[in-house]
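This briefing goes through one protein model, topic by topic. Please keep the sequence and the structure in view while reading.

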Amino acid sequence: MGRFKIKKQDTFIDMTPMSDVMVLLLTFFMLTATFVKEEPIQVQTPGSVSEIKIPEKNLLTIFVNPQGQVYMNLDSEPNMRALLDQMESTNALSGLSPEQKSAFANCPTFGHPLNLMKSWLSPENSGKRNDLLHQPNAGIPCDSTNDELKIWVQAARDALGDEMRIAIKADATTTYAVIKKVMDSLRSIHENRYNLITNLKGADD
C-alpha cells in the first residue's frame, strides 16, 4: 500500500504587525521620556545605606563642590521660569532681557552672586557659562553676612509652593563647616526638611 505524500509548504510569518507595534512603542517612549540635564558641576557624593528615593518633580537641588562653592538648579524649564519671575517680583534680580531670561530657564545649573548674574547670563557668555561656574568668584554666597542662598530658596518656595522638595548634593570631600552653612541658611527660613543625595553603598561593586 502506497504512502500519502504530504506536500511541503514554505513557512511564512508576517512581521508587519510586530513592526507596527515596535514603532508605536518607540514613539510613545520618545514622547513621554524626560531628559536629565547635564550637570556641569561634578560632585562625588558619599555612600550610605539609605534607599529612600528623591522625587523627580518639583525638586530643588543644592550642589556643593569640594571647594565649598554652592550652586542650584530646578528640575524643569517651567519651574526655572517661575523662580525667575518670583525673583523679579521681589526685585532680588531684575532688569534681565528676554535673551537672558531664556538662558536662565535653560541652564542646567546656576551659581553666582546676584550682582554677577546679569553678566553671566549675557549673550557674550553663552558659549562659556559652564566654564565660568568654575571660577573663584562663582558660587551662591551663604555666609552669615551675605546669605543669598536663602533668597533663592525662599523665592523657589514662593513660586512652587508646598509641592517643592529640597535636596542637597555635596561632594564627599566637602568640609562639614560648609555643609553647616547651607543647613543654617535653610534653617533661617524654616526649611527644615530636605534630602541628602548619596550613593548606595555596594552599588558600584
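A residue counts as buried when its relative accessible area is under 20%. Six of the six residues of strand 2 are buried, so the strand is largely enclosed by the rest of the structure. The model is a predicted one.

**Strand 2 and its neighbours**

- The side of strand 2 to which L59, T61 and F63 point is opposite to that of L60, I62 and V64, and all of these residues are buried.
- Strand 2 runs parallel to strand 4, and six bridges join the two.
- With strand 3, strand 2 pairs in the antiparallel sense, over five bridges.
- F63 has Y71 in strand 3 as its bridge partner.
- Strand 2 and strand 3 form a hairpin with five residues between the strands, and G68 in this hairpin takes a positive phi near 90°.

- Strand 5 pairs with strand 4 (residues 165–170) in the parallel sense, over two bridges.
- I168 stands opposite L196 in strand 5.

**Helix 2 against helix 3**

- Helix 2 (residues 77–89) packs against helix 3 (residues 98–106) at an angle of about 130°, and their axes are 8 Å apart.
- Because of that angle, helix 2 is oblique to helix 3.
- On the helix 2 side, the residues in contact are E77, M80, R81, L83, L84 and E88; on the helix 3 side, they are K101, S102, F104, A105 and N106.
- Sorted by class, this contact has five nonpolar, two polar and four charged residues.

**S119 in helix 4**

- Helix 4 (residues 114–121) contains S119.
- Is S119 buried, partly exposed or exposed? S119 counts as partly exposed because its relative accessibility is 44%.
- S119 and L96 are 23 residues apart along the chain, and their C-alpha atoms are separated by 10.0 Å.

Technical notes: Residues are numbered from 1 along each chain as its sequence is written. This is a predicted model: local features need pLDDT of at least 70, side-chain atom pairs count only at pLDDT 80 or more; totals for chains, interfaces and linings use all residues. Side-chain values use heavy atoms; hydrogens and water are left out. Axes are lines fitted to C-alpha atoms, for helices over the stretch in contact, and angles run from 0 to 180 degrees between N-to-C directions. Helices (H or I, at least four residues) and strands (E, at least two) are DSSP runs, numbered from the N terminus. Angles under 35 degrees count as roughly parallel, over 145 as roughly antiparallel, 65 to 115 as roughly perpendicular and the rest as oblique. Contact means heavy atoms within 4.5 Å. Ala, Val, Leu, Ile, Met, Phe, Trp, Tyr, Cys and Pro count as nonpolar, Asp, Glu, Lys and Arg as charged, and the others, Gly among them, as polar. Two strands pair if DSSP finds at least two bridges between them. Buried means under 20% relative accessible area, exposed over 50%, partly exposed in between (1.4 Å probe, protein chains only).
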